[in-house]
Amino acid sequence: MEKLKSIIPFEIKKKIEQSNTKDLPSTTSSLHYFFANSSLFHSMVEDLTNPELGFCSKNKETALELKNKGNACFSSSDYSQAAHFYFQALRVAPVDVVDKGNKLVAALFVNRASSFHAWYRRGKVNTSLLNYEDAICDLMVALDFEGTSSGKRQIQNDLKLMEKENQKSENPFQELSRQEQLVIDEDEMPPVELQCVSTPTKGRGMASLFEISSATLVHKEEPYAAIILKNFRDTHCHFCFSELPADKVPYMYHPSKQSGNLSLPRDSMTSNLEQACSRVELKYLVLNRKIELANNLCQLLSEARVGQAVYLSGSMFNHSCMPNIHAYFISRTLLIRATEYVPGGCPLEMSYGPQVGQWDHRNRQQFLLDRYTFKCQCNGCTRANLPDLVLNAFRCAKVNCSGVVLDDSMVEYEKHKFCHLPETPENHSMEHQREVDKLMHDEIKNVACLMSEHSSHCREIQSGCCLKCGSTNDLKYLHATTDEADTYFRSLQEAVNSNEVSAGLLSNALSSLNDLKSTLHSYNKKLAEAEDILAEVFCSVGEMQQAIDHCTISIQILKKLYSPGHIAVGNELVKLSSLQLALGDASAAVDTVHQMNIIFSNYYGKHAELMFPYLQYLKGGVVHKLADGRKS
Ligand SMILES: C[S@@+](CC[C@H](N)C(=O)[O-])C[C@H]1O[C@@H](n2cnc3c(N)ncnc32)[C@H](O)[C@@H]1O
């Protein structure tokens, strides 16, 4: 009947829908005219009126014959045909006929149900043999035949699972995600039970009752829901978010690739690096490529945002601009690791983006307000800390004074933190942690002792006034000098990007570096950036020792701005070690790779090399160079 309904033309259906009783003669005659010319209609009428098969014509012999045909088909596993014969038999079987001691109609119903169940059973067997496509077909038939709603639900659930499995087996990247899963499964489980606690300024947050040592995995979670971002739909697996191998990616124009958001694929990076590391000649081209590689490697360290997901427990961790935990993903799994020793009961807080040492206080606050609509109340934003004091600071003009000089806007942002100096952590049980904190405290004293020793004085602190000795500095001159130096470095950076560095530009930049050193505080981030650009330039012209010297100074400043064990320092150490390897200084490279290893392990534990395979090549490069050195 449904088949018949489906062939009625749209116009007639519409006419019938919009009709009322007055239109009945016209609508029925249209229908009649249509069916009179339909062969399907005539064959159905014939079928229904055939005295042999008609509903009203019951015939014991025909029913038994059809039943036997059904049984034969059932025995040869042709369940579809068997069900068809049982169905036909039921139409003609008289209700009161008894066959082999049972009512024929009841037996036919049971047989028909058995042939439907046989579909279901065969579907299950196909599933266990991993023949998902066949299994799905079997279950679809079983679903059609199943009469009870609970049975239907059961089959529908089975079908859903089956379709998932089938998609996975079709996905070429499934193997890799399974491997990744193995790495995670074999790894340590979080040893600490975390607690959701209430905080005075940030709502609920997460903490551990017991102390946690650095590098400990504190949390692991699968997403509640996840979705891949539009730009990555053609290049990444929609389930595990991993990048598809190049030959599985359909070629097409990708705006994201054009704008450089997606870095080079990891595989090509590592093989290039491997090649580069194994070369002995220090040709300019090779060196140039190497620093390029190092730069690209560092870009790779900042993970591309491929998808978005909701993690129910993960979303309970609050933000801090001075985080003590680090979150990363392997496939869809969220992993959170402590990056420093955390005393029991202390909140576990990650960075939602900005960090002390990376951005100044004002930019961090603005970012968090714009992106997440909250005013940050973390320790980094409410208490004095060294990086915020020095990041953009000028140096005091007085000879041998290490104090910082702030301009108006820096003073405005720092002023309300002045009276909140970092507390000396008496309750910290770990010796190491106490020393780190003490060092930081001493450093603040060193650059801003007026504010740390006389908290009442802090409120009156003026821009241009050295926070250590109180002497006044000419802010106009300091700004003008650094602005001019900035322009030279910007030109140099542009020349590096377009491969057009000239001797003139380099010499201007070197004298500008001196200007910056004489005006900026020695931990100012601009100095680190200037040193970094110079390292790149010297590398590109093959002056490796100079490149290493500038890179080393940049790292020293970053260690003050962040902390010696911060991942930002680790990224720079990647560069330094590849420069040292290029120069053939194996023993220096050993030390750098060792430091780098500690940092990456702290942030990523056993997953460091899985996340950044090139770490292996840097280690391998060191081993090669050491072996070469022993031979010669
Ligand atoms: C992902 S939720 C964290 C859990 C949240 N505290 C709760 O009670 O459900 C992020 C929200 O926590 C609060 N929050 C997190 N870190 C904060 C911080 N450093 N300062 C102020 N509020 C913060 C903000 O309200 C923010 O929108």
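Q: Is the crossing of α22 and α23 left-handed or right-handed?
A: Good place to start! This is a predicted model, and in it α22 and α23 cross in a left-handed way. Residues Leu506, Ala509, Leu513, Leu516 and Lys517 of α22 make the contact, together with Lys526, Leu527, Ala530, Leu534 and Val537 of α23. Sorted by class, that contact holds 8 nonpolar residues, no polar ones and 2 charged ones.

Q: At what angle do the axes of α22 and α23 cross?
A: To find them, look at residues 503-519 for helix α22 and residues 525-540 for helix α23. Their axes cross at roughly 155 degrees and come within 11 Å. Angles over 145 degrees count as roughly antiparallel, and α22 and α23 are therefore roughly antiparallel to each other.

Q: How do α23 and helix α24 pack?
A: Helix α24 covers residues 544-561, and its axis lies 8 Å from that of α23, at an angle of about 160 degrees. The two helices, α23 and α24, are therefore roughly antiparallel to each other. Their crossing is left-handed. On the α23 side, the contact residues include Leu527, Ala528, Leu534 and Phe538; on the α24 side, they include Met544, His550, Ile553 and Leu561. The residues of this contact divide into 13 nonpolar, 3 polar and 3 charged.

Q: Let's turn to strands. How do strands of a sheet pair?
A: The general idea is that strands of a sheet pair through backbone hydrogen bonds, and the pairing can be parallel or antiparallel. Here is a case to look at: an open sheet of 3 strands with the order β5-β9-β8 and antiparallel pairing.

Q: Which strands stand at the edges of that sheet?
A: They are β5 (217-221) and β8. Each has a single partner strand, so one side of each is left without a neighbour in the sheet. From one strand to the next, the twist averages 20 degrees.

Q: How many bridges pair β8 with β9?
A: There are 6 bridges between strand β8 (residues 325-330) and strand β9 (residues 333-338), in the antiparallel sense. Now look across to β5, which pairs with β9 in the antiparallel sense over 4 bridges. Leucine 217 also has arginine 337 in β9 as its bridge partner.

Q: What should I look for in the hairpin of β8 and β9?
A: Look at the 2 residues between the strands. In this hairpin, serine 331 takes a positive phi near 55 degrees.

Q: In what order do the strands β3, β4 and β10 form an open sheet?
A: The order is β3-β4-β10, and the pairing of these 3 strands is antiparallel. The edge strands are β3 (194-199) and β10 (347-348), each of which pairs on one side only. Strand β4 (residues 203-208) is joined to β10 by 2 bridges. As an example, alanine 207 has proline 347 in β10 as its bridge partner.

Q: Which residues come nearest to the ligand?
A: Of the 15 residues around the ligand, the nearest are Lys202, Gly203, Arg204, Asn318 and His319. Strand β4 gives the most to this shell, with 3 residues.

Definitions and conventions. Residues numbered from 1 in each chain as written. Predicted model: local features only at pLDDT ≥ 70, side-chain atom pairs only at ≥ 80, totals over all residues. Pairing = 2+ DSSP bridges. Near = placed C-beta within 6 Å. Axes fitted to C-alpha atoms, helices over the stretch in contact; angles between N-to-C directions. Parallel < 35°, antiparallel > 145°, perpendicular 65-115°, else oblique. Left-handed = near helix turned anticlockwise from the far one by under 90°. Contact = placed C-beta atoms within 7 Å. Nonpolar A, V, L, I, M, F, W, Y, C, P; charged D, E, K, R; others polar.
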